[in-house]
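Please read the following report alongside the sequence and the model.

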Amino acid sequence: MNWRFLSTVILLAAAALTGWAWWSQRDKPAATAKQSRPDYVLTDFNVVVLNKEGRESFTLRAPQLTRNPADKTMDIVTPLFLIPPRTGGNGGPWEVRSQRGWVNGEGDEVRLRGQVKADSTNANGKPINIATEQLNVFPDTNRATSDVQVQMIQPGTILTGQAMEADLDSKNINLKDVKVRYEAKAR
């Protein structure tokens, strides 16, 4: 046996062992978080949610809702929320629509995303229309907030702001960085 042949076989074996050791010790991709299966799914439903006093907090209609059992949050496809006026509140009920919705585990925060539209009437029966891409609604306190651009249309006036805080009972809506446009034909 030739010493060159023997050294070549030893070097090849060492290279193969090194390659195998390196391959087995490499960083493996992190396992994706285990997606839990929803504990229930509602389709084409209408649900009335009551507050702590047993009165209607809001009604929800949507084609699909899924609930995550781990954190009890709910994802909703194209929700329609009907929020009744409180006793002594000004104006009519609110109709709030969006492409997606999310409800926290306690049910006291609703996040609406994608083409959000909220419609109601003020104490005089005149329409109030709000449009934005993100709206957070707090049903227990009848408040709504948004950190993105919001457009509010009332008869004769179009207001555009960069953020909003609203009291849904009193219809008191505060916009930040407001631009106002007066139009006789505004809804």
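D44 is exposed, with a relative accessible area of 68%, where buried means under 20% relative accessible area, exposed over 50% and partly exposed in between, using a 1.4 Å probe and protein chains only. D44 has a positive phi of about 45° although it is not a glycine, and it lies in strand β1, residues 40–50. Strands (E, at least two residues) and helices (H or I, at least four) are DSSP runs numbered from the N terminus.

D177, which is likewise not a glycine, has a positive phi near 50°. D177 sits in the loop between β13 (172–176) and β14 (179–182), and it counts as exposed at 62% relative accessibility.

## Basis of the model

This is a predicted model, in which local features need pLDDT of at least 70 and side-chain atom pairs count only at pLDDT 80 or more, while totals for chains, interfaces and linings use all residues. Residues are numbered from 1 along each chain as its sequence is written, and side-chain values use heavy atoms, with hydrogens and water left out.

## Helix α1

Helix α1 covers residues 3–24, and its 22 residues reach 32 Å from the first C-alpha to the last, close to the 32 Å expected at 1.5 Å a residue; the expected span is 1.5 Å times one less than the number of residues. The number of buried residues among the 22 of α1 is zero, so the helix lies largely in the open.

## Cavities

The structure holds two cavities of 30 Å³ or more. A cavity is a set of points, on a 1 Å grid over the protein atoms alone, where a 1.4 Å probe fits but cannot get out, and lining residues have an atom within 4 Å of a point. Grid points are joined across faces, edges and corners, and a volume is the space filled by probe spheres set on the points.

The largest cavity has a volume of about 60 Å³, and its lining includes W94, I130, M164 and L168. Two or more lining residues come from each of β5 (94–97), β8 (127–138) and β12 (163–167), with β8 giving the most, three residues. By class, this lining has ten nonpolar, no polar and no charged residues, where Ala, Val, Leu, Ile, Met, Phe, Trp, Tyr, Cys and Pro count as nonpolar, Asp, Glu, Lys and Arg as charged, and the others, Gly among them, as polar. The second largest cavity, of about 40 Å³, has F58, F81 and P139 among its lining residues.

Technical notes
1 Å grid on protein atoms, 1.4 Å probe; cavity = no way out; pocket = protein on both sides within 12 Å on 5 of 7 lines; lining within 4 Å.
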